[in-house]
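This briefing collects computed features of one protein structure.

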Amino acid sequence: MKKLLLTLAITSLSFINQVSAQEFSEQQIKQTAEIRNNALNSSLAYDILTSLTTEIGPRLPGSENDPLAVKWAQDKFNELGFDKVWLEPATFPAWRRYSESGMILAPSKQPLHLTALGGSISTPKQGISADIIYFETLDELIASPKNSAEGKIVFINYKMNRHIDGNGYGPAVKARSTGAVEAAKKGALAFMMRSVSTAHHRFAHTGGSHYQDGIKKIPTVAIANPDADQISRLVSLKKPVKVNINVQAENLGEGKTFNVIGQFNGTQNPDQYVLIGGHLDSWDLGTGALDDGAGVALTMAAAKYIADVKRPKRSIRVVLFAAEELGLWGAKAYAKKHKNDKHNIVAAAESDFGAGFIYGFQSSVDAKSLPVVRAIAKQLSPLNIKHIRANKSSNGPDLIPLRKLGGLAGFSLHTDGNDYFDYHHTADDTLDKVDPVKLQQNSAAYAVFAFMAADAKTTIKGK
Ligand SMILES: [Zn+2]
């Protein structure tokens, strides 16, 4: 009986080993470990990020730096030895910021630290001076009586909460996106908001905003959080608060730019590929180190770490999306162009949430692909990355248009975003905010994920 039990135990053990051996051989697991270790000991990702943020700096689509960034990315892919490097065109609504300033005029003169939101029209040369009308939320503005803001500057003081997964961003960004439209509907001269930010510093946070056909366009700005607190205190004194805002900017019509793509070809199924990447563009205020130079650098480096150890069965494709900040324009162009060959994407993940430690790995795949996902998760665990088992990850912003096509095998490598919105879209998004050690861990995680997804026996499929 003892012997039988022992035999059974041995049989079931070897059965388990066979199941995992089916997906990845011992040699593949060794190669994975080698890739992971190399990434953890390499400065390549940080070197790439230093090069991008120093030699190019800010990368607003349509600016002089935009074509320089495209050229930089092509050259960098070639320098790293990618097999194929190419461009795919994208168009976007071009916009330029020239100057901006603000002042509290009454009840006493005080500086007001502001920045124009992307797409904002200009104020007259002398700016707009008017009393503000105060709202806590966008919904409060929407619910206010018609003409409530006639002749005034609308101010929304919505406070974003801090969270590891950035869940405060969605609710806060609503005011940035449509605040100018809702304010104009109530007769406002301009729209002003507390920054979409968790910071205490005096930098204002820019970001995308929209106008609506048929609704008057008014200048739209965000102010630094301490300035928002100051205005809030002044309002509570129940005296009129008058401000001057001055924005000189220009909408320049349709601009043209490019997604820049580099690929290491697979050895068995080169048409099939794992897509990793970030967005090449950034706002104009900082040098776009966290958003999204980090994503660009760490995925370029990840592909190189893989190719240095072994070319997987399927290709590794790094896509550097264009004009994300102005509305996912490169991502939309990519989805449109690859609509008919989207089945070739076996797995996709974008890094666009800074470069804090990655703490979680999550999939959105069909049930048959879950054993591969578990095998990948096991090789991510030495990096202190937990497998988040809910099989419904939401992926990066540039994967949204691809996901909308249906069937995308999307993955999230969740980054600790506790301090991401302290710097996001500000002049303070610079290289010194990126920790080289955290960047190594990020790059190692992407390399492990992309290598295993590209070299697995089973082809991963989306839901
Ligand atoms: Zn971004």
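**Helix packing and overview**

The axes of helix H3 (residues 44-56) and helix H8 come within 8 Å, crossing at roughly 135°. That angle makes H3 oblique to H8, and the crossing is right-handed. The model is predicted. Helix H8, residues 289-309, also holds Asp 291, one of the protein donors of the zinc ion.

**Contact between H3 and H8**

- On the H3 side, the contact is made by Leu 44, Ala 45, Ile 48, Leu 49, Leu 52 and Thr 53.
- On the H8 side, the contact residues are Ala 289, Gly 293, Ala 294, Val 296, Ala 297, Leu 298, Met 300, Ala 301, Lys 304 and Tyr 305.

**Zinc site**

- The angles among the four donor atoms run from 52 to 144°, and the site is irregular.
- The site is not counted as tetrahedral because that class needs all angles between 85 and 135 degrees, whereas the angles here span 52 to 144°.
- Along the sequence, the donor residues follow the spacing H-x11-D-x60-D.
- Asp 291 in H8 and Asp 352 link distant parts of the chain, 61 residues apart.
- Asp 352 sits in the loop between strand E11 (345-350) and strand E12 (358-364).
- Asp 291 and Asp 352 are both buried.

**Cis peptide bonds**

- Asp 291 is joined to Asp 292 by a cis peptide bond, with omega about 5°.
- Pro 107 is in the loop between E1 and strand E2 (110-111).

- Asn 147 is not a glycine, yet its phi is positive, near 65°.
- The loop between helix H5 (138-143) and strand E5 (153-156) contains Asn 147.
- Asn 147 has 42% relative accessibility and therefore counts as partly exposed.
- Leu 328, also not a glycine, has a positive phi of about 55°.
- Leu 328 belongs to the loop between strand E10 (314-321) and H9.
- The relative accessibility of Leu 328 is 18%, so Leu 328 counts as buried, the cut-off being under 20%.

**Buried residues and their contacts**

- Ile 306 is another residue of helix H8, and at 0% relative accessibility it counts as buried.
- Ile 306 and Ala 39 are 267 residues apart along the chain, with their C-alpha atoms separated by 9.2 Å.
- Phe 421 is in helix H12 (residues 420-423) and counts as buried, with 4% relative accessibility.
- His 338 is in the loop between helix H9 (329-337) and E11.

**A partly exposed strand residue**

- Ser 99 is in strand E1 (residues 84-106) and has a relative accessible area of 35%, which means it is partly exposed.
- Ser 99 and Lys 146 are 47 residues apart in sequence and 32 Å apart in space, C-alpha to C-alpha.

Terms used: Residues are numbered from 1 along each chain as its sequence is written. This is a predicted model: local features need pLDDT of at least 70, side-chain atom pairs count only at pLDDT 80 or more; totals for chains, interfaces and linings use all residues. Side-chain values use heavy atoms; hydrogens and water are left out. Donors are N, O and S atoms within 2.8 Å of the metal (3.2 Å for Na, K and Ca); water is not among the atoms, so sites may look incomplete. Four donors count as tetrahedral if all angles lie between 85 and 135 degrees; four count as square planar and six as octahedral if opposite donors are over 155 degrees apart and all others between 65 and 115; anything else is irregular. Helices (H or I, at least four residues) and strands (E, at least two) are DSSP runs, numbered from the N terminus. Buried means under 20% relative accessible area, exposed over 50%, partly exposed in between (1.4 Å probe, protein chains only). Axes are lines fitted to C-alpha atoms, for helices over the stretch in contact, and angles run from 0 to 180 degrees between N-to-C directions. Angles under 35 degrees count as roughly parallel, over 145 as roughly antiparallel, 65 to 115 as roughly perpendicular and the rest as oblique. A crossing is left-handed if the near helix is turned anticlockwise from the far one by less than a right angle, and right-handed if clockwise. Contact means heavy atoms within 4.5 Å.
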